[in-house]
Amino acid sequence: MTKAQPILINRYPTYAAYLLIVTAAFLLYYPIHYAIDHSYGLAIAVVIVIVALLFTSVRLLQGRLSVLKCLVLSAVLGSTLIYFSFQSPIIAVIWLPAFLVGVFMVFPFKMACLTTSCCWAVITYLNFISLHMEIALRSAMSSGLVLLLTAVIVRTYNEAIHAAESVATQDPLTGALNRRTLIENIELESERVTRYGQTCSIIMIDLDNFKTLNDKLGHGIGDEMLVNFVKLISQYTRKNDKLFRLGGDEFMLLIPGMDAETAKSFIARIQNLVPSQLSVESVALGMSFGVCEITANAAIEQLLELADQALYENKAQRKSQQKEE
């Protein structure tokens, strides 16, 4: 299961906001200094940077930044840095490493790599035009090293966070989401149903004959069947559908955008496939299910109870049909 790459600044928004405020405070000296020297263009450029940093810090204190806001921030700071490259190249040399690191904080990793590479190339080219060769070369090497090291550190951090989140949220055997994330996801979908009038269904699933399979063929085969069942479900579900393993052979499927009747028809098709897809030697697994549609302002416990009740009704109905046959 893959996740979208995070914007790192959103992981610690409060700390990031205070850091931006402190940075803006340190920069206050420069517009005054440039104004005294009658370098009004540079003074205005620094004021723009300060305003952008303060605005971003306020937004971070209120909530997370969107990619669009990060893009605007980077465009403002990048444009200012390019302006410095023309007006005072040595300032661009000094601030380029900080800008490159900052881009990795406000963009997803791949976008940050592309953006920083382009900015580094443009500003380095301008430095070679404006500065002495030795200074420009040293700037290119030092800022390039900062770019490379930052990319390695951020990539390693993202991979470590993803691994930790996978351990915390995924069932280690099947790769399905685990029970601890179930309530959080149901609450999220319930809020969408209540606020926006969307539909969402919960499907409780239990595999029949699983104990018989374990007793006859061993737990190793049973584990293999559980893994195969999750693979089967993933073949017929969408990316935003979520499968949870509650424990043993019990699962729950959360299907946004699908009402109860449609969900019943959908899961019934998978139910018919299970015996042929999940059979070994003389034992074929079956599947019982119970469907409950999330309603506005419904209690989570009530929804789970209704889905569980529907599951047992389906299981009893299937047993009755098997006896008649």
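Me: Let's start with D241: buried or exposed?
Reply: D241 counts as buried, at 10% relative accessibility. Keep in mind that this is a predicted model.

Me: Where in the fold does D241 lie?
Reply: In the loop between α10 (219-236) and β3.

Me: And which side chain does D241 make a polar contact with?
Reply: With R238: a polar contact of 2.7 Å joins the two side chains.

Me: What else does D241 touch, leaving out residues up to four places away in sequence?
Reply: L254, I255 and P256.

Me: OK, switching to salt bridges. How many are there in the whole structure?
Reply: A search of the whole structure turns up eleven.

Me: What does D171 pair with, and how far apart are the closest N and O atoms?
Reply: D171 forms a salt bridge with R245, and the closest N and O atoms are 3.2 Å apart. The pair links distant parts of the chain, 74 residues apart: D171 sits in the loop between α7 and β1 (177-178), while R245 is in strand β3 (residues 242-247).

Me: What about R138, which side chain does it meet in a salt bridge?
Reply: R138 meets E134, at 2.7 Å from N to O. Both lie in helix α7 (residues 133-169), four residues apart, about one turn of the helix.

Me: How do R138 and E134 come out, exposed or partly exposed?
Reply: R138 is exposed, with a relative accessible area of 56%. E134 counts as partly exposed, at 41% relative accessibility.

Me: Which helix do E191 and R195 lie in?
Reply: They both lie in helix α8 (residues 182-196), four residues apart, which is about one turn of the helix.

Me: Which residues are linked in a network of salt bridges?
Reply: D206, D208, K315 and R318 are linked that way.

Me: New topic: which residues form the nonpolar patch on the surface?
Reply: Y29, Y30, I90, I94, W95 and I135, with about 590 Å² of accessible area together.

Me: Which helix gives the most to the nonpolar patch?
Reply: α5, with three residues. α2 (29-36) and α5 (89-106) each supply at least two.

Me: Take I90 then, exposed or partly exposed?
Reply: I90, which lies in helix α5, counts as partly exposed at 42% relative accessibility.

Me: Last one: where does UniProt place the feature "transmembrane region"?
Reply: The UniProt record, an unreviewed entry, puts that feature at residues 12-32, 38-55, 67-86, 92-123 and 135-154.

Me: What's the helix content over residues 12-32 in the model?
Reply: Residues 12-32 are 90% helix and 0% strand, with the end C-alpha atoms 32 Å apart. For residues 67-86 the chain is 100% helix and 0% strand, and the end C-alpha atoms are 29 Å apart.

Technical notes: Residues numbered from 1 in each chain as written. Predicted model: local features only at pLDDT ≥ 70, side-chain atom pairs only at ≥ 80, totals over all residues. Heavy atoms only, no water. Salt bridge = Lys/Arg side-chain N within 4 Å of Asp/Glu carboxyl O. Buried < 20%, exposed > 50% of the residue type's maximum accessible area, 1.4 Å probe, protein only. Polar contact = N/O pair within 3.5 Å; in protein donor to acceptor, adjacent residues only side chain to side chain. Contact = heavy atoms within 4.5 Å. Patch = residues over 30% accessible without salt bridge, like charges linked within 9 Å, V, L, I, M, F, W, Y side chains within 5 Å. Areas by Shrake-Rupley, 256 points an atom, 1.4 Å probe, with all protein chains shown as cover. UniProt positions renumbered as here; feature names shortened; annotations may be inferred.
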